[in-house]
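Hi there,

I am passing a structure on to you, and my notes follow below it. Please have a look at it first and then read on.

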Amino acid sequence: MAAPVTITDVKAILTQPGRARLLVVKVETSEDGLYGIGCATFTQRIFAVQAAIERHLKPFLVGRDVHRIEEIWQMAMVHGYWRNGPVLNNAISGVDQALWDIKGKRAGMPLYQLLGGKSREAAAVYVHADGSDANEVADNARQFVEQGFRHIRVQLGGYGGAVSALHRPKGAPDGNYFDPRAYGRATLEMIDHVRNQLDDHIELLHDVHERLRPIDAVQFAKDVEPYRLFFLEDALAPDAGRSGRDIYQCVLDNRFDAYVQRSKLLSGDRGGATQESQLRMTWSSFRDPHGEPGEGVFSKTLVKYLE
């Protein structure tokens with residue numbers, strides 16, 4: 001029986017093409033010239049992932065059979081007492097991808113063949129059109145359309161929008177301050193401009209990037225509804241899960257009274273001062289003018305979020 005192919009080294013390779021900080025995992029093996037690569041990028045904590053790979057995973061992995069991918073994943077996940085989290089998840093993911101890369105190379109076929117073969121000839125993809133103002137975003141979007149892309153995510157000044165000039169208290173420290181209302185106004189103006197510049201068959205997308213509180217996300221979703229976005233991404237932060245579920249439950253139940261009662265969770269209003277007129281305005285965001293209650297962009301976004 002032939003000796004198993006084992007892991008001989010695990011390398012964390014840092015690279016930065018443009019503004020993107022990336023980490024590539026390279027798993028080397030006992031078979032001459034055979035290696036696998038995977039992506040372990042956590043842009044904002046790139047060095048923490050590097051340390052997790054080099055100081056923790058590498059000593060654990062060297063000498064193990066490259067074909068025992070599931071066993072390696074399970075053991076790596078429970079190897080530390082405190083499990084999970086974005087640093088460890090990215091580190092293990094990079095190794096896992098590299099091991100599957102090795103398996104495909106040894107089998108002499110692409111992974112999609114190993115996993116059952118193709119089910120379609122192609123899949124639609126989207127590209128990211130950014131800009132410092134609406135005109136620049138539209139210009140960048142048109143360039144992508146000319147290249148054949150039909151789904152374009154439009155962002156103004158990066159995630160969260162351009163830095164806004166706020167009325168800050170005297171003595172407030174310097175830094176970037178986020179104004180959700182200013183972000184909403186500027187982003188809506190940008191989407192309106194881009195939508196008017198491109199043909200209707202070009203699908204627009206936008207990523208809120210979890211920058212809005214639930215009550216502001218509801219209002220923004222209502223305002224952006226007429227532009228029929230292909231999707232509105234990350235309208236809620238992970239820690240807004242309870243509020244998000246409350247919103248969606250109200251959509252399903254179609255009970256405005258329940259929405260009023262639960263509005264305190266969304267606004268932080270513990271004194272009952274939330275105006276019913278404002279709630280009625282935001283409630284209407286859940287109604288698609290061409291469909292049933294709960295079929296609007298925001299409810300679809302919540303389905304994606306809750307899944």
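**Aromatic rings**

Ring pairs link Tyr126, Phe230 and Phe231 into a cluster. Rings of Phe, Tyr and Trp (its six-membered ring) pair if their centres lie within 6.5 Å; planes under 30 degrees apart count as stacked, over 60 as edge-to-face and the rest as tilted. Before I go on, please note that this is a predicted model, in which local features need pLDDT of at least 70 and side-chain atom pairs count only at pLDDT 80 or more, while totals for chains, interfaces and linings use all residues. Residues are numbered from 1 along each chain as its sequence is written, and side-chain values use heavy atoms, with hydrogens and water left out.

A search of the whole structure finds four aromatic pairs. One of them, Tyr126 with Phe231, is edge-to-face, at 5.9 Å centre to centre and 80° between the planes. Tyr126 belongs to strand E4 (residues 126-129) and Phe231 to strand E7 (residues 231-233), so this pair ties together parts that are 105 residues apart in sequence. Helices (H or I, at least four residues) and strands (E, at least two) are DSSP runs, numbered from the N terminus. Tyr126 is partly exposed, with a relative accessible area of 37%; buried means under 20%, exposed over 50% and partly exposed in between (1.4 Å probe, protein chains only).

**Charges over rings**

The charged end of Lys26 sits over the ring of Tyr35, 4.6 Å from its centre. Arg64 has its charged end over the ring of Phe60, 4.4 Å from the centre. This term asks for NZ of Lys or CZ of Arg within 6 Å of the ring centre and within 35 degrees of the ring normal.

**The hairpin**

Tyr35 is also part of strand E3 (residues 35-39), where Tyr35, Ile37 and Cys39 make up the uncovered face, and Gly36 and Gly38 the covered one. Strand E2 (residues 22-29) runs antiparallel to E3, and five bridges join them; strands pair if DSSP finds at least two bridges between them. Val24 stands opposite Cys39 in E3. E2 and E3 form a hairpin with five residues between them, and Gly33 in the turn has a positive phi of about 80°.

**A question to finish**

Which residues line the largest cavity? They are Leu57, Leu61, Ile69, Ile72, Trp73, Ala76, Ile92, Val95, Asp96 and Leu99. On a 1 Å grid over the protein atoms alone, a cavity is a set of points where a 1.4 Å probe fits but cannot get out, and lining residues have an atom within 4 Å of a point.

Best wishes

Definitions and conventions. On a 1 Å grid over the protein atoms alone, a cavity is a set of points where a 1.4 Å probe fits but cannot get out, and a pocket is an open set with protein on both sides within 12 Å along at least five of seven lines; lining residues have an atom within 4 Å of a point.
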